[in-house]
Amino acid sequence: MTQKSLLYLLFAAIFYSCTEKEAPLPNIVLIMGDDIGFSDLGAYGGEIETPNINRLADGGLRFTTFYNMAKCNPTRSTMLTGLYAGGEGAVHIANLTKQAGYSNIMSGKEHFDPWVPEYCKAEKVFDHSFYFWATTEYFLPPSGEFQRPFYLEGKEIKADEIEHEISPMYKTDFITDYALKWLDETFTKEDPFFLYLPYHAAHYPLQARPEDISKYRGKYLKGWDVLRKERFEKMQEIGVLPKGATLSPPENNLNKSRGPFLPDYTDYYAWDSLSDAKKDSLDLEMAVYAAIIDRMDQNIGRVLKKLEENGKLDNTIIMYLNDNGSCPFYTNKVLDVQPGPADSYWSLRTNWAILGNTPFRQHKQSGLEGGSHTPFIAYWPGKIAPNTITDQVGHVVDIAPTFLDLLNIQYPDSIQGYASLPLHGSSLLPIFMGEQRKEPEFFISGMDKFRMFRSGDYKIVRMNGGEWELYHIKNDPSELVNLADTMPDKVNELAMNYESTLVASANELP
């Protein structure tokens, strides 16, 4: 080769390296539902209309087995820090996106465990934030008796100061209003964005817009027994159940820590045993619950439309999940007003929660699958294969490591003057890309008296602080056969491994 040819090749190589652009970082949208059962969404077998969530599922990846922490605050604490428990040195995922040059937006519910540092609060890590702490109404009741404060950019604001496009004000709508407003601002910049959208739907109280309720009125008169079988068959048909899952028999709510214990709310009873008047009242209760989820899906559709109209959707990864299973605890406060309007305050009962958590046992707070199992959908056009389903296991603790992979950055050595606490999970990105991920050594969920610890093929779980139960979770994902008496050595092995994780975390789990 001549010297001239060599110079030409060298020049071409330099020119190519200088002009080749790295792939832009993806925008990230993380959406969370609240107190929604595994089977409630259309994409997971439910009859509730969720066309926008279904669109994400049809265009992306669904997990058959994905865990949360079985309750609002521990799920958010673990998901946003990548830690089962921690303290000073915890790193919020919005710190990671900020490090990578993102604009950060949050609109929705904030609720943390006491171990989460003050510097992880919304106004500390997001460029824009609108949030409320724990439970607030969907409408603002005329008396405001149960209303808790809202915060805009870290400052408490009154209800009449909340910006909203539709009257009367409805929380799911104005949560989205703020998100869309701030998205418009980010679109004027070159920076990618991270939008965290933790809705309050479908947490009690059961309040919904009349037009949404009317869509479902009468659809639940066939009752929870028939609907549960129909959902299970649909879930089998679309392939969203873990392998080996069977329909668990209905049972009472076994949680003894959340009273009052009213049989009408805590105990299972057959639908056919009820009077027509009672069936009509219960149909309304479930219709309002369905309407709350429907409204959330409508608002997710508003976000998708905004991204699409501004040419952002193709380079955006969207993840959807719930914070825990369906919630059946009695919290009714206004008994002379039926579920639905602003001056009502009702909660869902055990029998409807059993339907929501099809095919699993038990509910919110419990480490049994009905409390800790969530839908998880990941959508990323051109990257995640459409309409795919994985039986690999994931957990909310894996989301922070996934962010690190997406952002292609190193985990910071320190945060706010503290040495950063090592992450407890591992990235889901290999699963997103259709590859096999090395399964983490263990998964933890459930509140302390209702804890679960899963490792490999087995899982231990306890109820009400009782003895550990043992399940071969790969063969028996519905947890119908307790092996504790026949395999005590396995129970002891997993219990010791669980205790060692508490020491390693340098903090007690909630």
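User: Let's start with R462. Buried or exposed, at its relative accessibility?
Analyst: R462 counts as buried, at 14% relative accessibility; the cut-off for buried is under 20%. Keep in mind that this is a predicted model.

User: Which side chain does R462 meet in a salt bridge?
Analyst: D448. The N to O distance is 3.1 Å. D448 sits in the loop between β15 (443-445) and β16 (452-455), while R462 sits in the loop between β17 (458-461) and β18 (469-472). They are 14 residues apart.

User: And D448, what is its relative accessible area?
Analyst: 38%, so D448 is partly exposed. R462, by contrast, is buried.

User: How many salt bridges does the structure hold?
Analyst: 35. One of them joins R76 and D323, with the closest N and O atoms 2.8 Å apart. R76 is in helix α3 (residues 72-81) and D323 is in the loop between β9 (316-322) and α11 (350-356), so the pair ties together parts 247 residues apart in sequence.

User: Are R76 and D323 buried or exposed?
Analyst: Both are buried.

User: What about R217, which residue does it form a salt bridge with?
Analyst: D283. The closest N and O atoms are 2.6 Å apart. This pair also links distant parts of the chain: R217 is in the loop between α7 (210-214) and α8 (223-238), and D283 is in helix α10 (residues 276-309). The two are 66 residues apart.

User: Where do R217 and D283 stand on relative accessibility?
Analyst: R217 is at 36%, which counts as partly exposed. D283 has a relative accessible area of 0%, so it is buried.

User: Which residues are linked in a network of salt bridges?
Analyst: D173, R209, E211, D212 and R295.

User: Zoom out. How many positive and negative side chains does the chain have?
Analyst: 49 positive and 69 negative. The centres of the two sets lie 1 Å apart.

User: What radius of gyration does the chain have?
Analyst: 23 Å. A compact globule with 510 residues would have one near 24 Å, so the chain agrees with that. Along the principal axes, the C-alpha atoms fill a box of roughly 95 × 60 × 45 Å.

User: How many helices and strands?
Analyst: 15 helices and 18 strands. Of the 510 residues, 60% count as buried.

User: What about contacts in the chain, how many join residues at least 24 apart?
Analyst: Among contacts between residues at least 6 apart in sequence, 76% do.

User: What happens just after α13?
Analyst: N408 takes a positive phi of about 55°, although N408 is not a glycine. At 68% relative accessibility, N408 counts as exposed.

User: Which residues does P412 touch?
Analyst: V91, L96, Q99 and S420, not counting residues up to four places away in sequence. P412 is in the loop between α13 (399-407) and β13 (414-415). P412 and L96 are 316 residues apart in sequence and 8.2 Å apart in space, C-alpha to C-alpha. P412 counts as buried, at 17% relative accessibility.

User: Prolines again. Cis or trans from G259 to P260?
Analyst: Cis, with omega near 0°. P260 lies in the loop between α8 and α9 (263-266).

User: And what is the peptide bond from T358 to P359?
Analyst: Also cis, with omega near 5°. P359 is in the loop between α11 and α12 (369-372).

Terms used: Residues numbered from 1 in each chain as written. Predicted model: local features only at pLDDT ≥ 70, side-chain atom pairs only at ≥ 80, totals over all residues. Heavy atoms only, no water. Helix = DSSP H or I, 4+ residues; strand = E, 2+ residues; numbered from the N terminus. Rg over C-alpha atoms; globule rule 2.2 N^0.38 Å. Buried < 20%, exposed > 50% of the residue type's maximum accessible area, 1.4 Å probe, protein only. Contact = heavy atoms within 4.5 Å. Lys, Arg positive; Asp, Glu negative; His and termini not counted. Charge placed at Lys NZ, Arg CZ, Asp CG, Glu CD. Salt bridge = Lys/Arg side-chain N within 4 Å of Asp/Glu carboxyl O.
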